[in-house]
Amino acid sequence: MSSLILRTAARHLLPLLVLYSVFLLVQGHNHPGGGFIGGLIAAAAIGLYALAYDVAEARRILPAAPHYLIAAGLLAAAGSGVWGLMRGKPFLESGWLQTQWPAGVPLELGTPLLFDAGVYLVVIGVAVTILFTLAEED
Amino acid sequence: MPLIVPVLVPFVTAAVSLLAWRRAPVQRLLGAIGAAGLLTSGIVLLVQVRTQGIQTSQIGGWPAPYGITFVADHFSALMVLVTGVIGLSVAVYSLVEIDGPRQSFGYFPLLHIMLTGVTGAFLTGDMFNLYVWFEVMLISSFVLLALGSERPQLEGALKYVTLNLVSSFLFLTAVGILYGEVGTLNMAHAARRIRALGNPDLVAILAMLFFISFGIKAAVFPLFFWLPASYHTPPAAVSAVFAGLLTKVGVYALIRTFTLVFGQLELVHTLVLILAGFTMVTGVLGAIAQDEFRRILSFHIISQIGYMILGLGLYTPLALAGSVFYIVHHIVVKTNLFLIGGIVRGLEGSERLERLGGLYNRKPWLALLFAIPALSLAGLPPLSGFVAKLALVRAGLEVGEYALVGVALGVSLLTLYSMAKIWNAVFWEAPSDTSKAAPGLGGGAQAVLAGPAAMLALLTVCMGLLAGPAFLAAEAAAAELLDPERYIYAVLGDAS
Amino acid sequence: MNLVLPFVVGGLVAAGLYMMMRRSAIKLVIGLALLSHAAHLLIFTAGRLTRRGEPLVPEGETVLPKPYADPLPQALILTAIVISFGLMAFTIALVYRAYQETGTDDLDDLTVTEE
């Protein structure tokens with residue numbers, strides 16, 4: 001498929017969609033969103049790119065091969081659980097790091113975000129693998 | 001040791017193996033080390049349960065019944081331990097038996113994800129979480145079954161996937177209704193609420209939904225057709241771990257649900273007794289009609305499932321201890337037989353009995369290695385199968401179920417016949433069809449393949465000779481199963 | 001709604017089973033998908049359908065203001081949907097691969113494992 005309109009749109013939509021997916025990921029702890037839905041949107045963006053160009057091109061724009069994304073995501077999720085274990089608490093007990101942005105805005109970083117980031121990466125990896133495998137069959 | 005460790009070890013192993021994508025030597029090393037770690041954590045867990053009683057852990061620090069609870073009683077700990085044993089044997093065996101392409105498409109990560117699902121299912125104390133672990137285990141088993149994409153594998157996988165998805169659908173339905181009725185998914189909490197629920201009809205419907213769903217997974221008569229259609233198609237290492245572990249997770253779920261959550265239900269336990277008899281008989285009769293090494297063994301899995309649920313049906317301390325012992329014994333022995341089937345195929349290039357023969361002359365050690373688990377499966381003293389069957393038969397006589405005891409003994413004889421048939425055809429007689437081209441195996445490869453098989457054979461001998469100490473753990477497990485209050489108290493404390 | 005949804009669940013199960021009884025592999029996949037949708041909807045229905053407030057503790061309070069809706073069924077369904085998404089993707093790939101290998105969509109022709 002080679003439509004000029006789709007290709008131009010896909011190129012400009014990709015950064016927007018990825019940014020939106022990260023936004024959903026970050027706000028997921030207190031509002032609608034989260035790692036799964038964010039990951040799906042990012043994967044959809046890459047899928048759109050693969051439709052507009054081709055799978056090889058889409059593979060090129062991924063920061064790492066899908067199985068590395070899956071591995072990194074699984075390890076991040078496991079790590080967020082082990083955090084609690086290391087401090088003698090139950091597995092997956094959340095820990096929070098209270099810091100401030102330079103301008104004095106409070107910033108709360110916690111293991112739930114790490115877990116969600118792990119889910120995000122796994123979902124991108126898995127969804128993209130499925131898409132690429134089915135698309136490359138033809 | 002935190003309860004999550006036996007789940008975390010294979011999970012992290014799988015994730016790290018994925019990082020080593022396409023680097024087969026690293027993945028092989030990780031696969032074996034991870035399995036050894038799982039075995040170690042299983043041993044530690046059992047020691048912990050033996051010394052300190054039922055262990056619980058609230059995931060994320062959310063107290064039961066709101067969060068997910070992990071619970072390890074004797075039954076769970078024993079199952080985790082034996083999962084470690086099987087995981088290690090199969091991982092070592094796979095180093096040689098699984099070919100290069102399969103390894104490079106993620107065989108070892110998948111194996112470890114499956115082990116994650118299995119140990120998770122054994123340790124969780126939450127119904128919905130059990131569903132999730134089941135699915136983790138199933139989807140990796142689907143891929144392991146189809147990995148390689150040979151035609152029989154794909155056809156077998158399609159049947160296996162379909163029936164397991166139907167079973168998952170029933171399980172999910174049952175979970176939904178359970179939640180709608182008692183408003184909780186924590187097994188201990190649900191157990192309390194179900195006993196307080198004054199609606200026996202609804203409880204019966206719920207129990208039947210769980211029973212059918214776990215029955216499909218455990219391959220109970222008449223829901224077993226997917227098993228002989230699929231288990232002989234993948235490489236021997238895969239079918240060995242399936243034969244050893246997967247159906248037993250279904251049996252575990254049956255026993256857990258119908259002791260802890262529902263307690264003794266007249267309807268279900270009568271049904272279990274009847275089905276146990278039919279399962280034993282159809283499995284063994286199916287096996288007699290087969291003439292291929294692993295196909296015979298596949299049907300024997302079904303007949304053995306009958307013995308395991310027989311203990312659940314009889315519902316006495318001795319019977320449940322027998323069931324628990326039987327499950328552990330069966331996992332060890334059945335995995336071993338499948339591994340040996342793989343060695344025979346590797347040596348001779350076929351599994352069809354008429355093409356095999358005379359192996360006793362060339363490989364007497366293999367004949368011995370086959371004889372031990374085969375006789376144990378049939379239940380000959382002094383091997384572990386004898387102890388397991390003796391306990392069940394005695395329990396049956398105590399309750400007065402003479403017909404079922406007769407069936408169990410008859411099926412044992414037929415099992416012995418079946419094993420003798422394999423023995424004669426593979427090791428004793430001259431091959432009737434000599435037009436074969438044996439690919440052969442190198443000496444080093446044979447040693448790696450025989451190592452795990454020998455270890456498992458040793459284990460079944462030990463479980464038979466040291467039956468007293470081994471049976472103590474099974475009795476402790478049965479005592480806990482028959483007194484759900486201990487489990488419930490460990491999870492919930494005094495809160496209702 | 002409480003009366004309508006059980007019928008929808010029943011209809012989905014019936015349609016799913018009907019599709020599974022056909023001999024075509026792709027209809028089998030559709031049937032399985034319908035069954036999983038039925039199960040999700042059933043959990044949703046079993047969790048009681050009511051119009052109530054969201055189960056969030058307001059700023060400054062320590063307990064939930066009643067009446068609130070039960071959030072758990074939705075969480076369960078979300079998990080179940082994710083799982084069935086993965087399973088369906090795999091099953092479709094499997095059916096496709098089996099079709100390539102065997103050249104047929106007819107389940108009655110898949111008899112290699114029975115011979």
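1. Contact between chains B and C. In this predicted model, 27 residues of chain B are in contact with 28 residues of chain C; two residues are in contact if their C-beta atoms, placed from the backbone, lie within 7 Å. On the side of chain B that touches chain C, α6 (127–146), α7 (151–182) and α10 (226–230) of chain B each supply at least two residues. The largest share, 17 residues, comes from α7(B). Helices (H or I, at least four residues) and strands (E, at least two) are DSSP runs, numbered from the N terminus. By class, this side of chain B has 16 nonpolar, eight polar and three charged residues. Ala, Val, Leu, Ile, Met, Phe, Trp, Tyr, Cys and Pro count as nonpolar, Asp, Glu, Lys and Arg as charged, and the others, Gly among them, as polar.

2. Contact between chains A and B. Here 13 residues from chain A meet 14 residues from chain B. The chain A side of this contact comprises ten nonpolar, one polar and two charged residues.

3. Fold of chain B. Chain B contains 21 helices and two strands. Its radius of gyration is 21 Å, close to the 23 Å that the globule rule gives for 496 residues, so chain B is as compact as a globular protein of that length. The radius is taken over C-alpha atoms, and the rule is 2.2 Å times the number of residues to the power 0.38. Along its principal axes, the C-alpha trace of chain B spans about 70 × 55 × 40 Å.

4. Packing of chain B. Of the 496 residues in chain B, 66% are buried. A residue is buried if 20 or more other C-beta atoms lie within 10 Å of its own, exposed if 12 or fewer, and partly exposed in between, with C-beta atoms placed from the backbone. Among contacts in chain B with a separation of 6 or more, 80% join residues 24 or more positions apart.

5. Ile83 of chain C. Ile83(C) lies in helix α3 (residues 72–102) of chain C. Ile83(C) counts as buried because it has 20 C-beta neighbours inside 10 Å. Ile83(C) and Ala93(C), ten residues apart in sequence, are 16 Å apart in space, C-alpha to C-alpha.

6. Confidence and conventions. The model scores ipTM 0.92 and pTM 0.93. Chain C has a mean pLDDT (the predictor's confidence in each residue, from 0 to 100) of 85, and 97% of its residues reach 70 or more. Local features need pLDDT of at least 70 and side-chain atom pairs count only at pLDDT 80 or more, whereas totals for chains, interfaces and linings use all residues. Residues are numbered from 1 along each chain as its sequence is written, while chains are lettered from A and ligands numbered from 1 in the order in which they are written.
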